[in-house]
Amino acid sequence: MPVLRVRSQRLPPPGGEEGIRTPSPYKFKSPLTMSNMIPELPDMPDIGPDDDFRLVIKKLSLYIAENIRMPSTFEQLRTTAAGDCLRHLVDHLVLSCDHPAIVNALLALKWHYGAITEDKGLNDARASGCEIAAWRLLTHLSEREAVDYCLYEIPDPALEANRQSDEEETSQANEHSPLLARAWTESMANPRRKHEFPNPTGNNRRSLLLQSLTRLTMSMTGEVDSDGEEEDDPTSPFINLNALEIAAIADAKRFLSQNVVQKIITGIWNGDIIFWDNLSVHTEKKPRFYNPHTADPFSRLRVPKYLKSFEVVFFASFLFLYYAVLVERHPTRITPLEIFLYLWLAAFSYDELSEWIDAGSIFYAADIWNIFDMAIMAIGFTYMVLRIVGLRTQNEELIDLAFDVLALEALFMVPRVCSILSLSPYWGTLIPCLKEMAKDFIKFMVLVVIIYLGFLTTFSLVGRDSFPLRDMTWFLTKIFFGSTYVGFDIMRKIDPVFGPPLMILFVMLSSILLMGSLTGMLSNSFSRVITHAREEYLFVYSIYVLEASTSNRLTHFYPPFNLLALVIFRPLRLFLPSDDKFRRARIILLKATHLPIVFTIAIYEWIRGTSLKGATYSAVKAPPHGAPIAIPAMMRKLAGPRREMRGRRSVTSLQSDQAAQGRPGMSSLERRISVHQARQAEEAQEDSTYAERATDVEVRIADLAAKIDRLTELVIAMQTQQSKTLGDVSLS
């Protein structure tokens with residue numbers, strides 16, 4: 001067994017030529033100067049509380065671009081020294097930044113860097129850095145402050161300017177003022193009416209974001225065109241979006257999967273955090289904690305959990321009508337059950353159209369079940385057209401074809417009824433895997449079709465005297481799906497010379513090479529996606545919660561009651577103004593039709609509150625009634641001195657600082673090491689809450705890096721203590 005010998009070497013005396021050797025990255029100008037042991041910090045962005053959103057993005061982009069210059073993975077930025085600049089940035093923002101849109105700006109930068117196609121490795125590293133900084137900043141805040149930051153919507157500067165000008169012009173307006181201009185100004189300046197005008201969502205929102213891509217992080221000096229005027233604000237597509245919506249657009253799946261963010265989303269799902277507290281004409285949309293003593297009971301209709309529950313009930317009744325119509329199958333007339341089926345289909349289609357308009361195609365297409373909804377609508381309307389035309393023309397074949405088309409509805413409607421299972425973590429993690437495997441399968445089938453068409457053309461021309469094109473197509477299809485004996489039986493009939501070698505080649509390609517490759521590719525796709533399936537599941541879950549709760553529509557009618565609002569109020573909008581009386585009428589109709597649903601929700605919440613009284617929830621909960629409510633950081637900044645915000649730290653940091661300051665005789669080096677150890681404890685706690693599974697190699701690298709850091713600190717402390725002792729002796 002080999003023996004390792006270690007020879008120690010004495011340190012040179014202080015003041016020698018070499019001085020004290022210290023490990024990198026620390027550098028000393030003098031061996032006895034403790035301040036030189038701390039590495040120089042980069043220049044931090046100076047973000048003021050009154051800076052506009054565009055300026056905040058530019059200041060952060062300058063810092064990110066200056067300090068992240070090498071391609072790095074997400075894990076490297078999170079666990080190694082490559083992400084030190086992000087730790088310094090988060091510490092700086094926690095102590096000195098009061099801007100409420102700071103998380104929005106970081107996530108907007110994440111989208112910006114992630115969408116750039118040039119220098120993909122570096123820009124992906126910067127995008128990951130912005131995402132890490134965003135959720136690390138939230139971990140240093142209290143839960144109430146995290147809610148304020150995540151649900152803060154970027155205001156529209158033009159809307160604020162119009163509101164101020166409207167207040168000035170209202171006092172000067174008289175009967176001689178232009179009615180059209182005044183009505184337009186009032187409608188645009190009133191934030192409660194913004195749902196009546198088209199918002200830049202969906203494809204329009206995506207196109208605006210792509211147009212603003214190259215101008216988002218340009219120079220801070222301000223861009224001007226040839227006429228000397230400042231160009232349009234590239235951040236305008238982000239207006240009226242909160243941080244969670246920006247994260248969904250930017251595909252910040254790791255940010256949305258963090259515990260602090262999921263607590264907020266779960267609070268929205270359960271109705272602990274609401275955006276509408278009452279159903280009145282002058283109510284405004286803003287995030288707040290639900291208070292059952294002051295909130296309107298009808299506001300519970302907007303809770304995503306109850307929306308999903310009623311959706312399941314609606315689909316169950318839809319499925320019942322579907323089976324009843326197919327079993328009845330009346331060939332000569334439309335029965336009452338069929339009329340109800342048409343009404344249910346129309347209500348479902350109108351509700352999906354409203355959801356698509358409110359959420360936009362980006363959020364709408366992110367939910368895989370919405371694809372099933374589109375198929376249900378397409379098949380349903382095809383059946384209606386064929387059925388009506390067949391009855392009008394007395395065409396029995398067309399009527400039978402209509403019922404055959406309706407039978408296809410079960411392929412999508414039955415899984416849609418069971419979509420409630422996707423909210424379970426077990427079933428919800430399988431859906432993203434199947435989705436990605438389906439994408440890879442479709443891509444692979446393109447190659448299969450190309451090879452199949454090539455062999456089909458060859459066999460059809462070679463065996464044109466023996467088999468027609470139709471029979472040859474069916475034979476090759478059987479061979480491809482495993483019936484290889486069919487090919488061996490007909491290969492000599494196709495052609496005695498070219499038939500056998502071509503058929504053997506086709507069988508080898510289809511049964512061995514292509515099918516084996518497909519199986520291996522799908523297996524790799526499943527193993528690749530399953531490692532991030534939790535993030536994918538939480539991403540889809542978060543999008544569903546956001547699109548169900550953040551709509552700007554004041555009154556939301558459940559299907560099939562939405563048909564009443566469509567029939568009554570939609571024609572009136574053509575010749576009546578959408579004023580307060582119009583909105584009040586919609587509220588009255590909503591309360592009259594949804595009273596049984598609200599009563600059921602109230603009974604459920606009373607039973608749930610009684611049975612779960614005293615239980616502990618993981619979601620963000622509102623403070624107890626009568627207790628002082630935590631004032632948001634923005635309100636504290638406006639109402640009091642800034643030191644309240646600057647004193648905001650994590651509990652671990654405050655306890656470590658108090659312990660270090662309370663111990664008498666503690667040296668400056670020991671205080672610094674104590675603070676550094678406290679930060680390491682925070683990072684260890686952060687790693688424990690991080691949801692992504694790391695591989696064994698990454699875990700070993702992270703452990704080795706931590707051991708090297710601890711060993712470096714120990715060597716520095718020993719060398720410094722020894723040099724200090726030698727210095728004291730020489731002075732004495």
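This dialogue goes through selected features of a predicted model and how to read them.

Reader: How many salt bridges does a search of the whole structure find?

Author: Side chains of opposite charge can pair when their charged atoms come close. In this model the search finds 18 salt bridges.

Reader: Which residue forms a salt bridge with Glu 338, and how far apart are the closest N and O atoms?

Author: The partner is Arg 387, with the closest N and O atoms 2.9 Å apart. Arg 387 belongs to helix 15 and Glu 338 to helix 14, so this pair links distant parts of the chain, 49 residues apart.

Reader: Are Arg 387 and Glu 338 buried or exposed?

Author: Burial is read from relative accessible area, and the cut-off for buried is under 20%. Arg 387 counts as buried because its relative accessibility is 0%. Glu 338 is at 2%, so Glu 338 counts as buried too.

Reader: Which residue meets Arg 329 in a salt bridge?

Author: Asp 404 does, at 4.0 Å from N to O. Arg 329 sits in the loop between helix 13 and helix 14, while Asp 404 is in helix 16, so the pair ties together parts 75 residues apart in sequence. Arg 329 is partly exposed, at 34% relative accessibility, and Asp 404 is partly exposed as well, with a relative accessible area of 44%.

Reader: What does Glu 143 pair with?

Author: Glu 143 forms a salt bridge with Arg 144, and the closest N and O atoms are 3.8 Å apart. Glu 143 has a relative accessible area of 32%, so it is partly exposed. Arg 144 is partly exposed at 21%.

Reader: Which residues are linked in a network of salt bridges?

Author: Lys 308, Glu 311, Asp 373 and Arg 416 are linked in this way.

Reader: Next, the nonpolar core. Which residues of the largest one touch the most other members?

Author: A core is read as a set of buried nonpolar residues joined through their side chains. The largest here has 121 residues, and those touching the most other members are Ile 102, Val 103, Leu 138, Leu 244, Phe 255 and Phe 318. Helix 13, residues 304-328, gives the most to this core, with ten residues. There is also a second, separate core of 16 residues, including Phe 475, Ile 490, Met 491 and Phe 506.

Reader: What is Phe 255 in contact with, leaving aside its neighbours within four places in sequence?

Author: Its contacts are Val 103, Leu 107, Glu 131, Ala 134, Trp 135, Leu 138, Leu 244, Ala 247 and Val 261.

Reader: Which residues make the nonpolar surface patch?

Author: Ile 334, Ile 339, Phe 340, Leu 343 and Ile 388 make a patch of about 400 Å². Helix 14, residues 336-366, supplies the largest share, three residues. Leu 343 lies in helix 14 and is partly exposed, with a relative accessible area of 39%.

Reader: Last, backbone geometry. Where is Asp 119 found, and what is its phi?

Author: Most residues other than glycine have a negative phi, and most peptide bonds are trans. Asp 119 has a positive phi of about 50° although it is not a glycine, and lies in the loop between helix 4 and helix 5. Gln 394 also has a positive phi, near 55°. Gln 394 is in the loop between helix 15 and helix 16 and counts as exposed at 64% relative accessibility.

Reader: Which residues does a cis peptide bond join?

Author: Pro 559 and Pro 560, with omega about 5°. Pro 560 lies in the loop between helix 22 and helix 23.

Key. Residues numbered from 1 in each chain as written. Predicted model: local features only at pLDDT ≥ 70, side-chain atom pairs only at ≥ 80, totals over all residues. Heavy atoms only, no water. Patch = residues over 30% accessible without salt bridge, like charges linked within 9 Å, V, L, I, M, F, W, Y side chains within 5 Å. Areas by Shrake-Rupley, 256 points an atom, 1.4 Å probe, with all protein chains shown as cover. Salt bridge = Lys/Arg side-chain N within 4 Å of Asp/Glu carboxyl O. Helix = DSSP H or I, 4+ residues; strand = E, 2+ residues; numbered from the N terminus. Buried < 20%, exposed > 50% of the residue type's maximum accessible area, 1.4 Å probe, protein only. Core = buried A, V, L, I, M, F, W, Y, C linked by side-chain atoms within 4.5 Å. Contact = heavy atoms within 4.5 Å.
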